[in-house]
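Open the model in your viewer and keep the selection tool at hand. Each stop below says what to select and what is found there.

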Amino acid sequence: MKVVKRLLTNPTSLAGILLLLAFVIMAVTASWIAPPPENARDPYMIPRDGFSTEPQAPNEKHPFGTTEGQYDIYYGVIWGTRTAFRVGVVITIFTAIIGLSIGSLSAYYGGEIDEVLMRITEVFQAFPFLLAAITLTAVLQTIYGRGEAGPLMFLAKVLALVTFGQSPAEPVDPVQLQLLTGMLAIIFFGWMTYARVIRGNILAVKEFEYALAARTIGAGDLRILFRHLLPNAVFPVLVIASMNIGSYVLTFAALSFLGLGAQRGYADWGQMINFARSWIPSLADHWYIVVYPGLAIVLFVLSWNLVGDVLRDILDPRMRGTRGAV
Amino acid sequence: MLAYIIRRLLILPILIVGVTMLIFAMLSLLTPYERASLYVQDIPKRQGAIEGIIEKYGLDDPIPVQYWYWMVGREDEATGEIKGGILRGDLGFSKVGKSSVVEVIGRRLPATAELALWAIVPMVGIGVWLGVLSAAHHNKLIDQVLRVFSIVGWSIPTFVFGLLVLMIFYARLGWFPPERLSDWSMRIVQSDAFTRYTQLNTIDALLNLRFDIFLDALKHLVLPVTTLAYLNWAYMLRVTRSSMLDTLRQDYITTARAKGLAERVVIGKHALSNALIPIVTIGGLILIGLLNGVVITETVFNYPGMGSFLAKAALSLDVVSVLGVTLFSSIVLVGGNLLVDVLYGFIDPRIRLQ
């Protein structure tokens, strides 16, 4: 509670929280402020107004203009908020779970298990993050593109269940599948910082007097783990990790911008900016393709960073600067 | 010191073997047919021929066996020629680059190196300068402004920043064009009259005394270099600031001030030289920033380097090329990190005594 109060009284974090609230409202009210056309099969596919290549400047019908292929930018920006929350939250949940499991296993058992797990973590860290994510996305898209993906389909189905609430019995929609490959790749190469920090914290906390005190009065292993170690070593990390949603959205947007994340025409900010690449010499006239979706990404990520920055100061100064830059 | 270096060197092979295993794990998810470009460039379309190739290079052997051949190469029984084998420096064939992956990397690496080399100086210089400025005016207006600048800077994706500067300085003002050279200078650079000593256009132009080409190359570098450097400014600023603040609290700084030295001397000489030590540790992170950054930056500016090749290959699902470039970059990163660790051991005696 003290943390919440400090977040609300600090002007930096308050600005972040208000900005974040605006995005939540935008995501929740998307069907009202940008109603999908009546015959739309998937509301996340941006409606098109014709097929002409030349982008249209903002006008009455399209307040933010249209991209090449006449995708409505306003619609994409609004519905893109939902995509951003989904992608960011799901990636954060999975990376945190993986990092938490590996970090606490490593710290709790120690010895050879610790040694092996930490070497594996180091190997994953030996890859430049974005390059590794791009690589795995390409591999996964090759495999899923075959239709018959075997055991790997299971991963996609788990992710589809969490992300879209889709029943595992149904086949995964190819449009969603492309989104999931990018997310899987980021998750696969994104958990290492949590594993290391959580391991370090548990090891440190284990040595503190109160853990020893709990042991001397006869508390069991589980009680010590749940009552003493987890609240002190893990929850602060998880709270701070939740602020990484912004940076995951940034990475995913980068994949989409390269054409590897969301499919063409999907309501995703990075994907929309991808359209600008064919109009670089005339960007001065077609500024709206970059500016509106770009502003959406910047403000979204900024809101998480504003809150996260203050939260980091309050909870754990050691976690500063662990976010990867893209 | 020697023991420290040896200990670091012993971890190196474990890491590199781990990296190759992870890369090969990804390769083994592909079908034998998709893996064939590890060994052959033009995969024949005829039905029987593909099976022949799979048979010849053991592409459906057990995975550990394949891993071994992927490392050391496989001998063609008919011709006695050894194909593949990453230890021999053969990463397979690139469908997108239409030659071997190693050749493509060799062709594109100079462009990326030129970009990165030009970016390092403004990146570190301006980052450290801003950090010192922030710490010297701790909690004053400049510090607050720079804090906001660094948080906002963190939040702007590279590709948005790159497109915005292109919009202003190329599309609107026409000052700095994308790509690597203008058509006219490209023709000269590729002609016989121009000797390419280093493959780095700016340096070659100077060596050939072609100052017009030097200027042209520089003009093309301004925007991508700014984009690549800006990425790390926020980070450098923060690290320098906190390191400076720690140092400024030390007794010897109070002593320096007490004996009446000018604040400029105290900060520039006494504090900065010690505050710079921890900044070396983020050398590895800067390298990661550069390796990640070139992919996006080169793609935005249509700059013909390794990063834009990776993005193009990934988009056409040319997995062998993508994995080749990633393997190469990871080795660069592992080597760079080792260098940083050793360097740090030299600079700060406390580290090697631990």
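**Confidence in chain A.** This is a predicted model, so start by colouring chain A by pLDDT. The average for chain A is 85, and 96% of its residues score at least 70. Select helix α13 (residues 269-274) of chain A: among the elements of that chain, this helix has the highest mean pLDDT, 93. Then select helix α11 (residues 221-242) of chain A, which has the lowest, 75.

**A stretch to treat with care.** Select residues 318-326 of chain A, where pLDDT stays under 50. The model still has 23 contacts beyond four places in sequence for this stretch. Where pLDDT is low, the predicted coordinates should not be read in detail.

**The core.** Next, select A:I134, A:M183 and B:L310, the residues with the most contacts inside the largest nonpolar core, which has 191 residues. Helix α10 (residues 211-248) of chain B supplies the largest share of this core, 16 residues. Now centre on A:M183. Leaving aside neighbours within four places in sequence, its contacts are A:V87, A:V90, A:I91, A:L159 and A:F252.

**Between the chains.** Show both chains: 46 residues of chain A are in contact with 50 residues of chain B. Which elements of chain B give two or more residues to the side that touches chain A? They are α1 (2-27), α6 (141-155), α7 (158-172), α10, α13 (283-300), α14 (306-315) and α15 (319-347) of chain B.

How values were computed: Residues are numbered from 1 along each chain as its sequence is written. Chains are lettered from A and ligands numbered from 1 in the order in which they are written. This is a predicted model: local features need pLDDT of at least 70, side-chain atom pairs count only at pLDDT 80 or more; totals for chains, interfaces and linings use all residues. pLDDT is the predictor's confidence in each residue, from 0 to 100. Helices (H or I, at least four residues) and strands (E, at least two) are DSSP runs, numbered from the N terminus. Two residues are in contact if their C-beta atoms, placed from the backbone, lie within 7 Å. A nonpolar core is a set of buried Ala, Val, Leu, Ile, Met, Phe, Trp, Tyr and Cys residues joined through C-beta atoms within 7 Å. A residue is buried if 20 or more other C-beta atoms lie within 10 Å of its own, exposed if 12 or fewer, and partly exposed in between; C-beta atoms are placed from the backbone.
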